[in-house]
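Please open the structure in your viewer and keep the selection panel at hand. The tour below moves from one selection to the next and says what is found at each stop.

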Amino acid sequence: MTRNRHAVIWTCISGEPEKMGDLLLSAQQASFTYTEDYISSAQAGFCLLGDASIWGADTVVYPVSERIPVFPRMLSLIPGANPRNLQRRHYLDLLKARLGKEPPPGLETEWRLLMMGGHGGIGHVDVFPDDISAEQWYRTRASLNDDPGVAKRSGRRSQLWRMLKREVLDENLDFDAQQIEQVLGPTPSVGGMISKLLVSVTPGGKSPVFYAPGASNKKSVVLKVEPPEYRGMLDLEALCLDIHAESGFEVPWHQRLDDEDLHFLAVERFDQSADGLPVPMESLFSVLATGDHKFRESGDIFLQELGGKLDRLSRVANLVPDTNEQMYRRILMALLTGNGDLHLDNIALLGGVADCRLSPIYDPAPMRAWPRHNLVSAIPYNPEGYEDRGALFVDLGGSFGLSARQTRQCIHDALAATSSYTERVAALDRVPARQRQQLVEIVRQERLLLEKYGSAL
Ligand SMILES: Nc1ncnc2c1ncn2[C@@H]1O[C@H](COP(=O)(O)OP(=O)(O)O)[C@@H](O)[C@H]1O
Ligand SMILES: [Mg+2]
């Protein structure tokens, strides 16, 4: 028998914790109702298309499915079910201790994980089982020890290292989860595939010393930890961030760090304002799935339809006018750097209904370097009617509403931005030679195809 589950959503978007409303989950649907105070505050809602300016006092509803068992916006607040997700392992261990048995797979456990890890993460939405837990959590966080020396105490730091070595490098070491929580605070869920933590770092510091998120005089970062089976991946990702930045894309500050066998990429968080307040951030996947109940996965849309979807979205939300062109430019950069992994969770919108835009670039890792990720585009395209991929990607400009002249400019810029890419890939000696060769060859082919048509436009 299923029963309704209840939870609450809070936010700290104004600097003070406030309740947004009540969340209810039945076997058929998720529903959410704003509090009157939150509606009258006119602040951003829990998701773009579920904003209070659209729904007011009406209950926002979403028909759940096995694939999306909660509101799509909530998916990134549940730690991902992949073997290297640090948060999932951590919370499953806690749950196991609480239940006295292995937590059974299924919705009950996912819901519990959402209650445990669904606050303090990326964006401005914090989910809790009830109001008392919410108030308590904000109080504890406010008193979190901000002592800058805290992570230097070698005992605690070595606990963190032991945890990372155990969970990421599979070394047989024990660690004390409680000591890690004392250094870094509770570990909220972060989406994506590879291990990562939300911490802060000293900008420019050469040695990897990590502090609690939000520590004063530090940069809050998403800290990505390189999986040993993808050696050099974070070097490639850092190179792609640099290449985007050099050609004018908005790219967060980032730094590669190494410590013995552990390799990190610290990327400054852009889901926070300069004074540390949370900024709404929602993946395009979540936005599209909330708007179209038949949409369940990245594969449910063709690249050729993306421009139209963004047009439709801009009738509801105030999207920055050149969003379509920026999207096309990002797709070309992904093609020309060998990033086949530009899926709809690697594209996000920042801001609320009144003012939203594409987030800065993140996760541009050229995964095609690894044979099992050698996919041209994670968002599928319809190849019918095209002589080859070059013709298709040139024609794609039109589907984003661009003229032939604008399309030509975008292609020209993307080719120029990536002109030294293969040499720079070849120079990354931490990346295995096979991966470098594969990537260089793939990128060479894509350039040839695009150049052939780009020059004829
Ligand atoms: N600099 C950042 N600021 C804010 N959120 C970020 C940033 N980088 C990544 N994220 C969020 O974290 C998630 C996981 O990061 P990502 O780099 O995509 O990791 P993975 O390589 O594991 O997919 C992203 O989907 C996005 O929601
Ligand atoms: Mg990602």
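What follows is a tour of a predicted model, from its confidence and domains to its ligand shell, core and individual loops.

Residues are numbered from 1 along each chain as its sequence is written, while chains are lettered from A and ligands numbered from 1 in the order in which they are written. Because this is a predicted model, local features need pLDDT of at least 70 and side-chain atom pairs count only at pLDDT 80 or more, whereas totals for chains, interfaces and linings use all residues.

**Confidence**

Begin by colouring the protein by pLDDT, the predictor's confidence in each residue on a scale from 0 to 100. The mean for the protein is 91, and 95% of its residues reach 70 or more. Now select residues 148-154, where pLDDT stays under 50 and the model has 13 contacts beyond four places in sequence; two residues are in contact here if their C-beta atoms, placed from the backbone, lie within 7 Å. Where pLDDT is low, the predicted coordinates should not be read in detail.

Which residues come nearest to ligand 1? Of the 19 around it, they are G192, I194, R269, Y362 and D363, a residue being near if its C-beta atom, placed from the backbone, lies within 6 Å of the molecule. The shell as a whole divides into ten nonpolar, four polar and five charged residues. Because domain 2 and domain 3 both give residues to this shell, ligand 1 lies between them.

**The nonpolar core**

Select V127, L223, I331 and L332, the residues with the most contacts inside the largest nonpolar core, which has 117 residues. Such a core is a set of buried Ala, Val, Leu, Ile, Met, Phe, Trp, Tyr and Cys residues joined through C-beta atoms within 7 Å; a residue is buried if 20 or more other C-beta atoms lie within 10 Å of its own, exposed if 12 or fewer, and partly exposed in between, with C-beta atoms placed from the backbone. Helix 11 (residues 323-337) gives the most to this core, with eight residues; helices (H or I, at least four residues) and strands (E, at least two) are DSSP runs numbered from the N terminus. If you then centre on L223 and leave aside its neighbours within four places in sequence, its contacts are K196, L197, V199, F210, F264 and A266.

In helix 4 (residues 107-117), the buried residues are R112, L113, L114, M116 and G117, and they pack against helix 3 (86-99) and strand 5 (126-128).

**Loop stops**

In the loop between helix 1 (36-41) and helix 2 (52-55), select G45, which is buried, with 27 other C-beta atoms within 10 Å. Its C-alpha atom is separated by 8.6 Å from that of V353, 308 residues apart along the chain. A42 lies in the loop between helix 1 and helix 2 as well, but A42 counts as exposed, with 11 C-beta neighbours inside 10 Å.

Check the backbone of A42, where phi is near 55°, and of E260, where phi is near 50°. Most residues other than glycine have a negative phi. E260 is placed in the loop between strand 8 (254-259) and strand 9 (262-268) and is exposed, with 9 other C-beta atoms within 10 Å.

L169 is partly exposed, with 15 other C-beta atoms within 10 Å, and it touches P228 and D261, not counting residues up to four places away in sequence.

Definitions and conventions:
Nonpolar A, V, L, I, M, F, W, Y, C, P; charged D, E, K, R; others polar. Domains from an automatic or database assignment.
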